[in-house]
Amino acid sequence: MQSIMRFAAVTTLAALVAAPGAIAQSGPTKLDTLRNPDIEAMVARLDLEKYKATIKGLTQFGDRRQGTSRNRAALDWIEAQLKSYGCTNTERVTYTYTTPPPRPRTGGPRVPSDWGSGGARLRGVRTRTGVNMDSLKQTDPKLRALDAEPAKDGERQDVYCTKVGSTHPEEMYIVGGHMDGHGWGEAANDDGSGTALVMELARVFSSPDVKTDRSIRFALWNNEETGLNGARAYVTQRQALQGKENPPGSGKYPEPKWLGMIQHDMMLFDHGMPRPDGTMSPEQRPEADVNIEFAMTSAQSEAAQKLAWIFATANDKYATDYPAQVGQHMTNTDSQPFEDLIPAISLRENERGRDIGAGWDPQWHQVTDVYTTYSDKDFRLGLNAAQTTLSAIATLTGASLKK
Ligand SMILES: [Zn+2]
């Protein structure tokens, strides 16, 4: 008798939980009601014209190839800009870069494969990709002269500055992009667009009325194009310093503990797949999106994909024009040296392995990667990536505006 009663009570409860009203109440929440007004106001401080002006500023140093005076001048200019934004505690990582000897070619002729970088499956129309090494392809004599100095082995530097957290200065997120480029153009998209994004975020977070609980480091890596050497040098030199107060009792943490690394590399151009004749649509496609990638092969894959979804949700809530998509094949950029140590993701215009690797960006490492190639619709995709990272990082670090 008693047991039957208990059974009846359980079914009633189950019926209640499954009632349509109860389901409606626990259904999807409307994200716009969950926007944080302070974060909305911070996102509104990003501006298309400012973002374009920062990219334009970087292109005055041509392709910014590592190991040249134009690369060093660009690094000095970036540091001066960061200071002018109020991110005054700039520092540099110094390392030496030596060009490795050319790898001897092994085996017979290269067999075309359906598999791209990072384990991505290649689909549909593919066009040739590569790095332009021919100065004469640059038909603008001024730009050809600006890009003429060859790289010389030797000392190199990255630059970074840090927004110090008010309650947890000992922990930080790293927001990065690479400031070097190549190909005899202006490296406007690869990676002027990512570098400018990081700089614009440094500007917004360094405003005196912005407070964050945790720290944020804005890092511009050198030598990405030669094999992620600048980011690797940072990891090698600074990994063991994490979370240590120095000097003891000072409240200062020269290397806060790494909570995550977010890289930005090629943010502008999403015109779709090449057409069957190899040409491209001249317009940004209406379906353009920000591609957030984590590496499913990395030791931190599980935490990295959680981070990726936080960014995708921040995009839903705060980005004005373009959505974000998450993919599992992060590869070939400065987040890679971090991927087995901490959650690491990259943001891009397209997936690196599946799309860019199949020729979806005809300017990639070519003379045509110059500022004038891109339209406002292209620049706006980069701005939406900036809105995505700004709002995600503001959420993760507990950002607020001082009243
Ligand atoms: Zn790049």
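Is Asp265 buried or exposed? With a relative accessibility of 2%, Asp265 counts as buried, where buried means under 20% relative accessible area, exposed over 50% and partly exposed in between (1.4 Å probe, protein chains only). A word on the background: this is a predicted model, in which local features need pLDDT of at least 70, side-chain atom pairs count only at pLDDT 80 or more, and totals for chains, interfaces and linings use all residues. Residues are numbered from 1 along each chain as its sequence is written, and side-chain values use heavy atoms, leaving out hydrogens and water.

Let's move to the metal. The zinc ion has as its protein donors His178 (NE2), Asp190 (OD), Asp265 (OD) and Asp265 (OD), at 2.0 to 2.8 Å; donors are N, O and S atoms within 2.8 Å of the metal (3.2 Å for Na, K and Ca), and sites may look incomplete because water is not among the atoms. Along the chain, the spacing of the zinc donors reads H-x11-D-x74-D. His178 is buried too, at 0% relative accessible area.

Now for the open spaces. A pocket is an open set of points on a 1 Å grid over the protein atoms alone, where a 1.4 Å probe fits, with protein on both sides within 12 Å along at least five of seven lines; lining residues have an atom within 4 Å of a point. The largest pocket is lined by 37 residues, and Arg103, Arg110, Thr129, Gly130 and Val131 lie nearest its centre. For the second largest pocket, 16 residues form the lining, with Glu224, Glu225, Leu228, Asn332 and Arg352 closest to the centre.
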